[in-house]
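Colleague: I am new to this structure and would like to understand the terms used for it. Could you take me through them with examples?

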Amino acid sequence: MAGTGAFADIFDGDAYKYYSDGEWKKSSSGKTVAIINPTTRKTQYKVQACTQEEVNKVMDLAKTAQKSWAKTPLWKRAELLHKAAAILKEHKAPIAECLVKEIAKPAKDSVTEVVRSGDLVSYCAEEGVRILGEGKFLVSDSFPGNERTKYCLTSKVPLGVILAIPPFNYPVNLAVSKIAPALIAGNSLVLKPPTQGAVSCLHMVHCFHLAGFPKGLISCVTGKGSEIGDFLTMHPGVNCISFTGGDTGIAISKKAGMIPLQMELGGKDACIVLEDADLDLVASNIIKGGFSYSGQRCTAVKVVLVMESVADALVEKVKAKVAKLTVGAPEDDSDITPVVSESSANFIEGLVKDAKEKGATFCQEYKREGNLIWPLLLDNVRPDMRIAWEEPFGPVLPVIRINSIEEGIHHCNASNFGLQGCVFTKDVNKAILISDAMETGTVQINSAPARGPDHFPFQGLKDSGIGSQGVTNSINMMTKIKTTVINLPTPSYTMG
């Protein structure tokens with residue numbers, strides 16, 4: 001169980017500790033932050049409310065540890081990551097238990113997240129050895145006007161201290177997607193987990209502790225954003241920020257200064273459905289893409305743009321599948337579980353009320369109990385409705401009927417988001433043309449949007465983010481190029 005057995009060190013009987021200098025500690029503040037179970041709406045866990053002074057200490061330790069870690073052989077870094085991955089997968093049950101209770105993720109999906117995270121760490125270790133084990137050798141006479149008097153050697157070196165801030169919906173997977181690239185590249189890592197998801201992160205960090213990483217290299221600080229949020233993101237000791245979340249990322253980007261940023265900030269992923277699409281395939285993917293984990297995914301289908309001629313048929317197929325979705329507690333592996341907080345549920349309800357007032361067709365009766373919102377398909381949504389543009393992050397999906405491909409592309413591109421989108425058609429030529437026209441980081445053809453597999457590039461345009469993720473891209477982003485030029489006294493030509 002969580003906080004017991006191998007994880008006993010991280011819990012003091014009342015609250016979970018934070019991680020610094022290879023040890024589990026209680027904050028000097030004497031304060032804790034409550035984590036509310038979305039299902040019961042009662043306090044499930046408590047974590048430390050770390051102070052700014054403790055953040056300063058963590059940053060100093062991270063800077064010192066990184067200098068030594070950068071000198072650690074690449075194979076040794078990879079070896080420790082493989083060990084952490086194995087420990088993570090070995091302890092998937094207690095970590096999954098935390099995910100169920102903290103963020104109301106269905107039990108089977110919680111286990112999958114932990115296993116997937118272990119696989120990501122192992123893949124990252126192997127990919128890092130390949131990427132970082134190679135450099136480039138350039139010669140000067142490849143550029144006009146030069147003889148071969150210079151040899152240029154390039155390699156990748158670590159940035160320093162990486163600040164990782166994952167979101168509540170995938171607190172383990174999106175944490176290790178930042179931690180593993182940072183560590184294999186020779187950086188140290190400071191993790192600020194989300195409040196909902198913090199205990200899952202603490203358990204995950206303990207798996208890295210058990211693997212035997214050097215003291216100070218990995219830290220995990222918990223606390224109130226109002227106390228340590230800006231203090232962390234604006235800290236002079238941070239050399240790079242990798243953030244996944246919402247609008248907060250835009251504020252961070254404006255304050256961070258001249259350091260590399262990797263940000264994924266949400267989306268309004270459009271699903272464009274043409275007349276020739278396989279409607280059974282479309283309906284299945286709309287259910288998977290729009291309603292899995294109650295729609296609380298950045299890459300969830302968030303608006304369906306369907307050609308008028310097939311709209312009636314598609315809506316009926318989706319309605320039939322929505323009726324089969326189970327609604328209830330995450331412990332029961334329900335398809336639809338409570339959204340993460342009461343404020344989230346209230347926001348979603350506001351979008352629903354706006355759509356009702358403006359004449360959207362409700363394909364199901366709107367129903368809510370506490371944080372639990374039943375799945376809802378809204379047909380005949382118009383562009384003047386909030387749900388047409390805003391990201392609900394819940395099990396409510398709008399359908400907008402369109403009369404041309406151009407109309408669908410225009411709606412997609414008019415959004416301030418640009419994370420992913422999808423197109424359903426049997427005409428590959430149309431699919432490619434539409435994909436090229438959509439202003440999104442990724443377009444899926446005949447499938448719902450998805451972040452994985454975790455080694456695929458993953459990026460957003462506009463307000464959906466900065467930079468690109470995916471194992472290879474993250475490793476490269478968390479390094480910088482170091483160049484050494486050898487100047488020769490005379491031109492040198494081999495075999496001359």
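Modeller: Let us start with I486, which lies in strand β26, strands being DSSP runs (E, at least two residues) and helices likewise (H or I, at least four), numbered from the N terminus. This is a predicted model, in which local features need pLDDT of at least 70, side-chain atom pairs count only at pLDDT 80 or more, and totals for chains, interfaces and linings use all residues. Residues are numbered from 1 along each chain as its sequence is written, and side-chain values use heavy atoms, with hydrogens and water left out.

Colleague: Why is I486 called partly exposed?

Modeller: Buried means under 20% relative accessible area, exposed over 50%, and partly exposed in between (1.4 Å probe, protein chains only). I486 has 37% relative accessibility, so I486 counts as partly exposed.

Colleague: What makes M258 exposed, and what makes K302 buried?

Modeller: M258, in the loop between α8 (248-255) and β11 (261-264), reaches 87% relative accessibility and therefore counts as exposed. K302, in the loop between α9 (279-291) and β13 (303-307), has 2% relative accessibility and therefore counts as buried.

Colleague: Why is the link between the side chains of K302 and E391 called a polar contact?

Modeller: A polar contact is a pair of N or O atoms within 3.5 Å, where within protein one must be able to donate a hydrogen and the other to accept it, and residues adjacent in sequence count only if both atoms are side-chain atoms. The contact that joins the side chains of K302 and E391 is 3.0 Å, so the pair meets the distance limit.

Colleague: How do you know that K101 and E97 form a salt bridge?

Modeller: A salt bridge is a side-chain nitrogen of Lys or Arg within 4 Å of a carboxyl oxygen of Asp or Glu. The closest N and O atoms of K101 and E97 are 3.3 Å apart, so the pair qualifies as a salt bridge. Both residues lie in helix α3 (residues 92-103), four residues apart, about one turn of the helix. K101 counts as partly exposed at 23% relative accessibility, whereas E97 counts as buried at 18%.

Colleague: What makes K462 and E439 a salt bridge, and which parts does the pair tie together?

Modeller: The closest N and O atoms of K462 and E439 are 3.5 Å apart, so this pair also falls within the limit for a salt bridge. K462 lies in strand β23 (residues 461-462) and E439 in the loop between α13 (428-437) and β21 (442-445), so the pair ties together parts that are 23 residues apart in sequence.
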